[in-house]
Amino acid sequence: MPSLLPYAHGWRQALRRRTPFSALRTCPATPPEEAASTKTEEAKRQTFERSAAELASLMPKWQARWEAAHHKRPQLPPGDDSPSSKAKAKAYVLPMFPYPSGELHLGHLRVYTISDVLARFKRMQGCKVTHPIGWDAFGLPAENAAMARGIHPEKWTLHNIQTMKTQMATMGGKWDWDKEFRTCDPDFYKHTQRIFLMLHERGLAYQAESLVNYDPVDMTVLANEQVDANGCSWRSGAKVEKKMLKQWFLRIKAFQQELLRDLDALAENGNWPERVLTMQRNWLGRSEGMKLWFQVNAIHYGLQPTDIEVFTTRPDTLFGVQYLALSLKHPFVQLISQSDPDLRAFLDRAQTLPPDSKEGYRLRGVEAMNPVSKLSPTPDPSIPVYVAPYVLDDYGSGAVMGVPGHDARDHAFWRANTNHLPIMQVITSDPGTVPEPLLAGSDNDTPMLSTGFIASNISLVTSKAFPCGGLPSDEAAAELVKCMDHNSIWNEKTENWRLRDWLISRQRYWGTPIPIIHCSSCGPVPVPLEDLPVRLPNLPDESFQGNAGNPLANDPEWKKTACPKCGSAAERETDTMDTFMDSSWYFFRFLDPKRADSPIRPREANNGMQVDVYIGGVEHAILHLLYARFISKFLATTPLWPNGATVHGEPFKKLITQGMVHGKTYSDPETGRFLRPTEVDTSNPKAPIIKATGVTPNISFEKMSKSKYNGVNPVTTIQKYGADVTRAHLLFQAAVSDVLEWDEEPITGVQRWLIRVLRLSTGFFISPQTEKTFKPPHNFDANFIDLLSGFRNMGVLKKAPNARPGAYKTPEEELLAALKPEETDLWAKVQETIASVTKSYSETCSLNTVISDLMGLTNAIWDVGETSVTSIYLRYVAVLHLLRMLAPVAPAVAEEGWQNLISKTSVRIRTNTEHPFRYEGKPGVFAFGFPKAEEDILAKLRLTNQCVFMVDGKKKFETAIRKPPAHLGTVGEVGEVERYVLKVLAETEAGKEWFGDEGKLWKVAREMRERGGEENRMGEDVDIMEDEAFELIPRGWRVKIVGRGKLVNVFSPKKAKTPEEKPAAGVEI
C-alpha cells in the first residue's frame, strides 16, 4: 500500500503547530487575542481620526505660508515659481467666470478645481500661466433679487462677490487675483461699449423693428436662444409673448460661414467635444436646397394671384406636397387678416402657443398651385393654405411646403387639421414600387423620412422626356430641376441658415448701457469715445422696491442729454445690452486688465490669445460659445488682435465641458415626496430608512436643488475633510465630462490614501543605520542610468552578481543587473505613472485616472521591502516624484509631504551650497517642476516575464520571474538559461510549492515510484536524487523551456522516450 505522504509545503512545521483537542476544550469564551485585537482596532481608529484631522488642517496652514513667502523664495533650480525660471511657453487656463449668485455650489467647486489642477500642472511644466478670475456681475437675476429686497443691484452683487471669494479661498485655488475685474465696473463696461461702437461703425450693430420674444415677468426681450422648446423664458419660466419693438441687433449672420467652417479646425485632435460641435452646427443650421414659387389664389378676399417663395431641402418630395403653411407674420397673412376677424383672433391666441404647436388656421377660399403640377399629373394641382405657428418668420421666406408623407412635423400637423384625410407617399425604399396612401389609425401611418426612390407611377409629361419614376431621390431631384428649367419654371439653388442676428437689447437697468443717443434731427448717434463710459445712474434703493420695467426709461434726468452732432436736445438709449455681450470678450480683458484707453493692447492679444484650455458647463455650448466666437472673429479683423487671423479668430483652443453634479436624493416610495435628510435614518448607510414609517426610501441621484433637499455645501465638506481630500474626491468620482453623483461615503478611501502619502513622506522606510549616512541625490531628475551611477559612486549600489569579465556587454547592463527585481519593478512603475499622469493632465484631461494612477504608485512604493540600501534610495526618489505629480491635485498635502521628507534627509547636505535641498524643504514642491517620463528605459526595466509552468503539458500555475540576463545562452555552458529559469522559478511563492523539499513535483515523483511505473526507471530515492544537469527536478525527468522562460514544461519519465532517445533540454524559440 502506498505510504501517506504530506501534500503541503512546510508540513512538518504545520504539524508541530497543531493545537491539541484538550487545549481547544479549555479555551476561554473571549480569547485574549480577541481582546487585544479589539484594543488594536480602537488604536487604529484613533490614529486615523488624528491623521484625518491633521489632513483637514493642512490647507489653511499652507495658504498662510504661501501668502507669506510670495515672491520671496530662494533662487533654485528652474521650476514653477522660482525667480530664475524663464517660461518658454504660455498657458492660458480659464474657467468660465462665475455669476455672483451668492454661494458656491459643488458645480462651482468642480469647474474651479479642474482649472486649478490644470493651471498648477502647466506651471510645474515651466509655462508662463495665466489663470485669472473675475465676475460676470450684470444680469437679470441680480436685479430681480434686488427688487425683491428693495436694494440696489450693485449692493446685492458686491455682497455676493465677497461671499463667494471667501468661499473660494477655502478650496486652495491659485488665481491671478491681480487680474480680477467685475463686468459691472465702469472701467470694464466702458470697453464693452467701445466694442459695440466698433461694430456699429462697421454696420454690424443696427436697430430695427422686429417681432421679439417678450418675457412678461422679467419685462424684457429675450433672444431666440433664450426661449425653450415650450415657448418659455429660460430665466423666469414665464410663457413668452410676441411683440413688435424697435431693438438693437448684432449682425452675427455676417460671420455665419466662418462660424460653421472653422468648427472643423476646432475638432482637430479632439480639442472640442463632438457634442458641442454638433450643437453649434445645428444652431447655425445651414441647409442646402432650392427656392421656388407657389402661386396663391385668394379670389375670396378679392386679391390677385400672388407668388409665394418657398425653400425646401427635399425637392424630390415636391410630388407629395399636400398643403402650404405660412408663418404668423408672413406679409400675405397680415394682408388677409385685415378682412378676416377669425384669423385676427387666431393670430392673437397663437402668441401664447408653444413654437411646436400643431394648431393651424386654414385660409378659407385660398389655394396654392404646386409648380410641378404643370409637369406631372400625379399631385393635386390645388392645395390648401394654412397659417401655422410652427413656421418661423425668419426661416427662408416664412413659408413651407407641407409633405406629411415624408416629414414628421408635417404629418402631425396634417393629422391635427384635416380630419384624417389620406396622406400620399411618393418616396419608397424599393425601386419600381408604388407605396400605398397612409390612413389615419392604421399600423402603417408613419411618414418615410429618409431618401429612397421615386414612386414608379410618377412621370413628367413635357415636350421633352424626363424619366423620373424609380430614380433615386438625388437623381430625381436633379432631373426635376432640369425639367423645370426647360419649361421656364422659376427655381434657384440656394442655402438657408437657422441662425438669426443677435438681439442684444434688454429693457432692464442692471446691464451695460448701449452708447447711442437719439436725436430728432440726426437720428441714432454714437456716443463719442471720449465720453465713454456711459455710466448707469446711481439710483436710490427705493427705485427698486417692487417696481417693474426699466428704471432707465423712467429716469428723465439720466435720459436727457445733448446730441453730439448738432447739440440739440436728445435722449440716451435706455436699453442695456444682453449680458452675453460682456462674456463674449472678457477673456481678452484678462490679458490687459488695467488698460484705460483700449480694451486690450494688440501685443497682449497676440501674446496671450488663444485661451489654451477653457473649462465650463455644456449648458453654454450654444449661447455663450457662439457669441464669444463671433466677437473674437470680429476683433481678429481689427487692429486689436492683429494675429487673430492665424487661428481663424477662434478664442478657445481646447474646450473642456464638465458634467453636472447630482446629489443623493431620498423620496417616499408611496407618495413620491422628496425627503429632507433629517427625515431619513442613515446610521446604516447601506440600509437607510424613513424615520416616521420605517420604510426604505427610494434613492436616486438628481440635479441638486432646494426643492429636492439634495444640495451640498462645499465649504462644509471642505471644513470636515479638508480641501485636498475634497478636491481629490471630486476628481476621482467621475470622468470630467460625466455627471458626478456626489456621495460622501467613499471619501474615506481618498482620506486613507493621502494619509498614506504623508506617512511615506516621513521617510519611515529609511532604516536608522542608513539614515546616519543618507545623502539625497543632487539631481533626482537625472536619467535612471546616471542615477544608478551616482548610487554606485556613493557606495549604495553593489556590483551585479556574476560580474565576471565579459558577462555584461555594457556598464548600463551591469548597473541594471545589480538591481533586485522589486527595485526594477518599482522604477518601471514610477516611469509608467509619470507617462500616464502627464498624458492625463495635458491631453485627455482624465483627472480621475490621475488619482487612480497615483494611488497605484503609492501602494507600489509602500509595498517594496527593505531589500537593500538601493531600495531605500529608490523609494525616496519615487516619493519625490509622487509628491510632485500629486501637487496639482492636493497642493497642501504635497507641500507638507515635501517638507517632511526633505527636512528629515537634508542633514548631511545643509552646508552644500549647490544642493537643491539645503534649505530643508524650502522652497516647496512646486519650485521643482513636474517629473518627465523616461519611457525608453521601461523595456530595460521590465526584467520579468510571465512564466507558465506545466507538468506533462498541463498548466499548474503562472507567475512572474526575472528574465535571464542577455549574456546567458551566448557565452558559457549549454543549459545556463535553463538552470537560471528553474532557479528563479523555484524562488517564487508558487514555485516553492512545487520545487521545495516536500514540493508537489517530488510528491508526484514518489507516487509514480511507489506505483512501480515505468519499471521503476527513476532508480534511487527521488527526494534526494536530482538530475545532474538540472538540480531542481527529479532524476529521469526532462524540461522544455520556451521563450527564455515564458513557458516551462516538465515531463515525467512516463512521457519521456527511452534514455538513448531523450533529447537534451534546451531553449525553444
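Predicted model: local features only at pLDDT ≥ 70, side-chain atom pairs only at ≥ 80, totals over all residues.
Once neighbours within four places in sequence are set aside, isoleucine 151 is in contact with Ala146, Trp156, Asp541 and Phe544. In sequence, isoleucine 151 and glutamine 545 are 394 residues apart, yet in space their C-alpha atoms are 7.1 Å apart.

## The chain as a whole

The protein chain contains 34 helices and 33 strands, and 51% of its 1069 residues are buried. Of the contacts in the chain between residues at least 6 apart in sequence, 72% join residues that are at least 24 apart.

## Helices α8 and α20

Two packed helices are described by the angle between their axes and by the distance between those axes. For helix α8 (residues 186-201) and helix α20 (residues 623-635), the axes come within 11 Å and cross at roughly 70°, which means that α8 is roughly perpendicular to α20. The crossing in which α8 passes α20 is left-handed. On the α8 side the contact is made by Ile195, Met198 and Leu199, and on the α20 side by Phe630, Ile631, Phe634 and Leu635.

Helix α8 consists of 16 residues and reaches 22 Å from its first C-alpha to its last, close to the 22 Å expected at 1.5 Å a residue. The buried residues of α8 are Phe188, Tyr189, His191, Thr192, Gln193, Ile195, Phe196, Leu197, Met198 and Leu199. After α8 comes glycine 203, which has a positive phi, near 75°. Helix α20, with 13 residues, reaches 18 Å from its first C-alpha to its last, close to the 18 Å expected at 1.5 Å a residue. Because 13 of the 13 residues of α20 are buried, this helix is largely enclosed by the rest of the structure.

## Helices α23 and α28

The axes of helix α23 (residues 747-760) and helix α28 (residues 847-863) come within 10 Å of each other and cross at roughly 45°, and the two helices are therefore oblique to each other. The crossing of α23 and α28 is left-handed. From α23 the contact draws on Val750, Trp753, Arg756, Val757, Arg759 and Leu760, while α28 contributes Ile851, Leu854, Met855, Thr858, Asn859, Ile861 and Trp862. The residues of this contact divide into nine nonpolar, two polar and two charged.

## Residues before and after α28

Cysteine 845 lies in the loop between α27 and α28, and although this residue is not a glycine, its phi is positive, at about 55°. With a relative accessible area of 7%, cysteine 845 is buried. Serine 846 is found in the loop between α27 (821-844) and α28 as well, and at 22% relative accessibility serine 846 counts as partly exposed.

Serine 871 belongs to helix α29 (residues 869-886), and its relative accessibility of 1% is why serine 871 counts as buried. Leaving aside neighbours within four places in sequence, serine 871 is in contact with Glu823, Val864, Gly865 and Glu866.

## Backbone exceptions

Most residues other than glycine have a negative phi, and most peptide bonds are trans. Arginine 1044, a residue other than glycine, has a positive phi near 50°. Arginine 1044 is found in the loop between β31 (1038-1042) and β32 (1047-1051), and at 27% relative accessibility this residue counts as partly exposed.

Leucine 532 and proline 533 are joined by a cis peptide bond, with omega about 0°, and proline 533 lies in the loop between β18 (523-526) and α16 (556-559). The peptide bond from methionine 609 to glutamine 610 is also cis, with omega near 10°, and glutamine 610 lies in the loop between α19 (602-608) and β22 (611-617).

Technical notes:
Residues numbered from 1 in each chain as written. Heavy atoms only, no water. Axes fitted to C-alpha atoms, helices over the stretch in contact; angles between N-to-C directions. Helix = DSSP H or I, 4+ residues; strand = E, 2+ residues; numbered from the N terminus. Parallel < 35°, antiparallel > 145°, perpendicular 65-115°, else oblique. Left-handed = near helix turned anticlockwise from the far one by under 90°. Contact = heavy atoms within 4.5 Å. Expected span 1.5 Å × (residues − 1). Buried < 20%, exposed > 50% of the residue type's maximum accessible area, 1.4 Å probe, protein only. Nonpolar A, V, L, I, M, F, W, Y, C, P; charged D, E, K, R; others polar.
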